[in-house]
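Please view the sequence and the model before reading on.

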Amino acid sequence: MRQAVGRDGRRAGGMLFAAVLLRCSSPRWVFVRPQPLERRIAWGAEAIAVCRAAVACERPGAAELLARALVLQAGLLLDSRRYEEALAAAEESLKVPDAHISSAQEAYGLLMCTLALGHLDRTDEALVTTRDTVDAYRYAKPRRADRSMGSMAWALRADAWVLGRSGRTAESVEVYLHCVDLLRKLSLWQQAFRSHVLYCRVLAELTGGLRALGRFEEAVEAGSDARERVGALVPWLYPEAQAMRAGLLVDLAWCHYATDDLPRARSTAEEAVARCRMVRGSDPAVGDPLLALALDGLAHFLGRLGSHVEERAACEELVGLYEVLAANAPDAHEPGLADALDRLALCQTRDGENAASVAATERCVERYRRAAGREPLLHEPELARTLANLCVRQSGIRAFDGAVASGAEALELTRRLAEADGETYRTLVADRLRILGRARYRVEDDEGAAAGFEEAESLLRELMEEVPGTYEKGLAAAQSELALALGAAVDSHLDAGRTDDAVTALRRIRALTGRSALTDVHAACVNAFARARDRDAEGTGRIWSRETGEPWPSFVYRLG
């Protein structure tokens, strides 16, 4: 036929040839696997060229066929993630001169515009267009030839999807639920054939939305329904649905975990990893990020189940995968690489590989530092957290100077975050004061360590006044650490001949015994006074009496 009509379509039969190309590029046959997407796009492009030639020859019906070819091509370009081209084709399909298009085709053109704008992150425009799309489908009167051009359910799914990309998750979920209700009212024939893939996609996306809202039981119900409906036939007929199924399994695994079903979370995550590997084999650009998400979940579940050897293997694979992704798209994937490195470092610490753990954490910190430079509000909290982890791990290999530097930077960042959001970060300030205090204690900066522990104690007492019954363990730990630091400060001041400073430290540790009933705190106080008396009874006794107006304590430890 191509030889008969010529490639420019100007000979007789050009319109028929274009119609055949459109039929091949966008088949409507049920249970027949379509040709590869790139081949269908090529057929669609050829159909458009033939239609343009027919329009130039002013053939009757050519404008309408061109508009149809353009809108069908927009759908194919969307499937191939060529969103700019898809938007251009959809917009042109609505503006072909002298084309009298059906109301259903106009609605489908608006739908394609909505989806393309959403993928291009032009969400404000997409929100406007999606309202027009819903209105258009509400009043559309589809002809038999237009049945493949969407429906109200398609419009509602697009509306929900755009709302989700705009951060309006609660509204998005409500629209998804409305869409599910609409699909359930269809006949079994329509559910099984015309709308089956759409039904699966809506349920999969609804699962993700419900998970984001913390409605995990509902998410498990929707996700399990979607998982059953997808089966093996849908991905075979529509290869692009492989990615949908893989993403669904990732969400469903986390929902099982949130509902305390760890064994099912693990099995679902293992299936997700397997499905993602299949997607990766056919389309690495889609499969690699999905596989990273699946491995991340699997590693977490394995850790919670105590399967540490398998957890570490998953973490090592995850780090390697994220290194490739971050090399190509650092803005999108460096934070994921940093988190994977931190998790791998934890596995290495658990296995006694402390030097390797520090090296991995240093790489993690560097990645978060870059990410925080681009988006401070999003990544500075994680940078502070991993700096605190680095401080602890450097102490584990006796790199105490580095530990102090890391702990000080972590504390400085956390203080700055607490200025903007004290309710969230004050507890973390107390934790990081104690982490830095322990590092300073190791480098014999006893006064610096004691000051940090005292501030942590004071902060935790304030928090306990606001929320009684919490933070007792943290407060007890801070007091125990403070007692040790003050006892060491007494010794260091006496070593340096600073008897006045030693007595000041003794007064602080004695005051601590009035705030704490912990046995180790009182024991540390007794020991500090005993050592001071043994080393310089006359000097410390004289200064004590001068500063306090009291005799040297003979008993400071309270039984009970």
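A residue counts as buried under 20% relative accessible area, as exposed over 50%, and as partly exposed in between. Glu547, at 40% relative accessibility, is therefore partly exposed. The model is predicted.

**Nonpolar cores**

- The largest nonpolar core has 73 residues, of which Tyr108 and Met112 touch the most other members.
- Helix 4 (residues 62-79) supplies the largest share of this core, with twelve residues.
- Leaving aside residues up to four places away in sequence, Met112 touches Val71, Ala74, Gly75, Leu78 and Ala90.
- Another core, of 68 residues, lies apart from it and includes Leu318, Leu337, Leu387 and Ala403.

- Side chains of opposite charge can pair when their charged atoms come close.
- The whole structure contains 55 salt bridges.
- Arg266 pairs with Glu310, with the closest N and O atoms 2.8 Å apart.
- This pair joins helix 15 (residues 262-282) to helix 17 (residues 308-328), across 44 residues.
- Arg312 and Glu353 form a salt bridge at 2.9 Å, N to O.
- Here Arg312 belongs to helix 17, while Glu353 sits in the loop between helix 18 (330-350) and helix 19 (354-374).
- Arg312 is buried, because its relative accessibility is 14%, whereas Glu353, at 33%, is partly exposed.
- Arg507 in helix 25 and Glu547 in helix 26 are 40 residues apart, and their closest N and O atoms are 3.7 Å apart in a salt bridge.

**A salt-bridge network**

- Asp331, Glu334, Glu366, Arg367, Arg370 and Arg374 are linked in a network of salt bridges.

Methods: Residues are numbered from 1 along each chain as its sequence is written. This is a predicted model: local features need pLDDT of at least 70, side-chain atom pairs count only at pLDDT 80 or more; totals for chains, interfaces and linings use all residues. Side-chain values use heavy atoms; hydrogens and water are left out. A nonpolar core is a set of buried Ala, Val, Leu, Ile, Met, Phe, Trp, Tyr and Cys residues joined through side-chain atoms within 4.5 Å. Buried means under 20% relative accessible area, exposed over 50%, partly exposed in between (1.4 Å probe, protein chains only). Helices (H or I, at least four residues) and strands (E, at least two) are DSSP runs, numbered from the N terminus. Contact means heavy atoms within 4.5 Å. A salt bridge is a side-chain nitrogen of Lys or Arg within 4 Å of a carboxyl oxygen of Asp or Glu.
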